[in-house]
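Please consider the model shown below. The paragraphs that follow lead through its fold, its helix contacts and its aromatic rings.

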Amino acid sequence: MFKLIPIILIFISKVALAQLGEPECGPLTNGYGPYDYRTSKGQILNTVENFHFTPKVEMLVKADTGYLGADIDYTLRAFPNHHRALMSVMRYGEKTKSIKPPHMRYSIPCYFDRAIRFRPDDAIPRMIFSMYLAKNGRTPEAIQQLDLAAEGAEGKENPFTHFNLGLNYFDLKEYGKSEIQAHKAYGLGFPQTILKEKLIGVGKWTEPPAEPPSISASAPAPTN
């Protein structure tokens, strides 16, 4: 689950995400990429992560090629939906108390806009963006992003995604939606029970109805 230790909420623009896009956040074309973080592996991903998004950059300790913001920016232009880099840019904004941290080409909301424009079917950038919005007091927009992420997750049968959606909904006190995602995650075999325990703790958990037996299981055995 993507969780951050609250530091200091930073000011962010009140402009809605729908009003961003290429005019403000730039085109997605790039000299290297853009590549889909979910599917681009091997040398393509290693080229960026070995030289720009190293562990010390991810943890905001030290830059690899001059400036910390420039390394994160390079990563997110090559892989707009790089999940861990999106977490880092959010944390970098908190650390610098800025909507546009030093040596970054775009504002923090723009990196989320670019990720969503690039791969609207990827639920993770929307979940991280929802966290960013919630931390900055924009709860209705945070819930909207989670709703869109949940809509995009339908039919993909990814228990991890449903589990994370459930945890994020829980943090926003959207307990009904959290329970729906919990039922989906556990129905797909997700093993961790922390979300169920959280819902039980606030009195918002009900066991899902038992599935009816299949026709083959309930039909009488054929006689010879």
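Is Phe163 buried or exposed? Phe163 has a relative accessibility of 3% and therefore counts as buried, where buried means under 20% relative accessible area, exposed over 50% and partly exposed in between, with a 1.4 Å probe and protein chains only. The model is a predicted one, in which local features need pLDDT of at least 70 and side-chain atom pairs count only at pLDDT 80 or more, while totals for chains, interfaces and linings use all residues. Residues are numbered from 1 along each chain as its sequence is written, and side-chain values use heavy atoms, with hydrogens and water left out.

The secondary structure consists of 12 helices and zero strands; helices (H or I, at least four residues) and strands (E, at least two) are DSSP runs, numbered from the N terminus. Of the 224 residues in the protein, 47% are buried. Among contacts (heavy atoms within 4.5 Å) between residues at least 6 apart in sequence, 62% join residues at least 24 apart.

A pair of aromatic rings is described by the distance of the centres and the angle of the planes. Rings of Phe, Tyr and Trp (its six-membered ring) pair if their centres lie within 6.5 Å, and planes under 30 degrees apart count as stacked, over 60 as edge-to-face and the rest as tilted. The whole structure holds nine aromatic pairs. One of them is the stacked pair of Phe163 and Phe190, at 4.2 Å centre to centre with 25 degrees between the planes. This pair links distant parts of the chain, 27 residues apart: Phe163 belongs to helix 9 (residues 159-171), and Phe190 to the loop between helix 10 (175-187) and helix 11 (194-201). Phe190 counts as buried because its relative accessibility is 12%. Elsewhere, Tyr32, Tyr35 and Phe79 form one aromatic cluster.

Two rings have a charge over the face, a term that requires NZ of Lys or CZ of Arg within 6 Å of the ring centre and within 35 degrees of the ring normal. Lys41 lies over Tyr37, at 5.4 Å from the ring centre, and Arg119 lies over Phe118, at 4.0 Å from the ring centre.

Phe118 is one of the buried residues of helix 6. Why is helix 6 largely enclosed by the rest of the structure? The reason is that 10 of its 11 residues are buried; among them are Ile108, Cys110, Phe112, Asp113 and Arg114. The buried residues of helix 6 pack against helix 1, helix 4, helix 5, helix 7 (123-135) and helix 8 (139-153).

With a relative accessible area of 0%, Cys25 is buried. Its contacts, leaving aside neighbours within four places in sequence, are Leu20, Tyr106, Cys110, Asp113, Arg114 and Arg117. Cys25 and Tyr106 are 81 residues apart along the chain, yet their C-alpha atoms are separated by 6.4 Å.

Two helix pairs may be read in turn. The axes of helix 4 (residues 68-78) and helix 5 (residues 83-96) come within 10 Å and cross at roughly 145 degrees; axes are lines fitted to C-alpha atoms, for helices over the stretch in contact, and angles run from 0 to 180 degrees between N-to-C directions. The crossing is left-handed, meaning that the near helix is turned anticlockwise from the far one by less than a right angle, whereas clockwise would be right-handed. The contact is made by Leu68, Gly69, Ile72, Thr75 and Leu76 of helix 4 and Ala85, Leu86, Ser88, Val89 and Tyr92 of helix 5. These comprise seven nonpolar, three polar and no charged residues, where Ala, Val, Leu, Ile, Met, Phe, Trp, Tyr, Cys and Pro count as nonpolar, Asp, Glu, Lys and Arg as charged, and the others, Gly among them, as polar.

Helix 10 and helix 11 have axes that come within 10 Å and cross at roughly 145 degrees, and helix 10 passes helix 11 in a left-handed crossing. Here Tyr175, Ser178, Glu179, Ala182 and Tyr186 of helix 10 meet Ile194, Leu195, Lys196 and Leu199 of helix 11. The residues of this contact divide into six nonpolar, one polar and two charged.

The peptide bond from Gly33 to Pro34 is cis, with omega near 5 degrees. Leu60, although not a glycine, has a positive phi of about 60 degrees.
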